[in-house]
Amino acid sequence: QVQLAESGGGSVQAGGSLRLSCVASGRTVGQYALGWFRQAPGKDREFVAAVDWTGRNIYIQEFLKNRVFITRNNANHSVYLDLNSLKPEDTAVYYCAADQDMTKRKYDYWGQGIQVTVSS
């Protein structure tokens with residue numbers, strides 16, 4: 001079992017930045033890829049970014065590549081999502097997720113989600 005807890009969301013004006021954090025816990029958490037997904041109102045959940053257990057292999061949603069960065073710190077079992085040049089369409093609930101296969105679109109473990117609201 002892996003437990004995930006997100007923090008760092010909130011409200012920001014367009015053009016601003018936010019850093020989302022996620023702390024993972026569990027006996028084998030170090031073996032899992034960690035990723036971020038988001039779900040906007042009325043839309044399906046979509047993939048944002050993921051990093052494998054080594055921290056060296058990263059995959060970011062193509063249309064977000066210039067604005068989103070993901071990093072991982074295995075010393076404190078955390079993953080971070082840096083969101084830059086935020087737009088109103090980035091408004092969503094952002095979820096941290098864990099899976100042993102970073103290429104999957106439906107991960108095995110999920111956090112509760114955290115709201116990000118971008119105003120114009």
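The text below goes from the whole chain to one bond.

This is a predicted model, in which local features need pLDDT of at least 70, side-chain atom pairs count only at pLDDT 80 or more, and totals for chains, interfaces and linings use all residues. Residues are numbered from 1 along each chain as its sequence is written, and side-chain values use heavy atoms, with hydrogens and water left out.

The chain has 11 strands and 0 helices. These are DSSP runs, numbered from the N terminus: E of at least two residues for strands, H or I of at least four for helices. The radius of gyration, taken over C-alpha atoms, is 13 Å, close to the 14 Å that the globule rule (2.2 Å times the number of residues to the power 0.38) gives for 120 residues, so the chain is as compact as a globular protein of that length. Along the principal axes, the C-alpha atoms fill a box of roughly 40 × 25 × 25 Å.

Of the 120 residues, 46% count as buried, that is, under 20% relative accessible area with a 1.4 Å probe, protein chains only.

Now the bond. The structure holds 1 disulfide, a pair of cysteine sulfur atoms within 2.5 Å. Cys22 and Cys96 form it, with their sulfur atoms 2.1 Å apart. Cys22 sits in strand β3 (residues 18-25) and Cys96 in strand β9 (residues 92-99), so the pair ties together parts 74 residues apart in sequence. The torsion about the S-S bond of Cys22 and Cys96 is about -80°, so the disulfide is left-handed. Both Cys22 and Cys96 are buried.

Terms used:
Buried means under 20% relative accessible area, exposed over 50%, partly exposed in between (1.4 Å probe, protein chains only).
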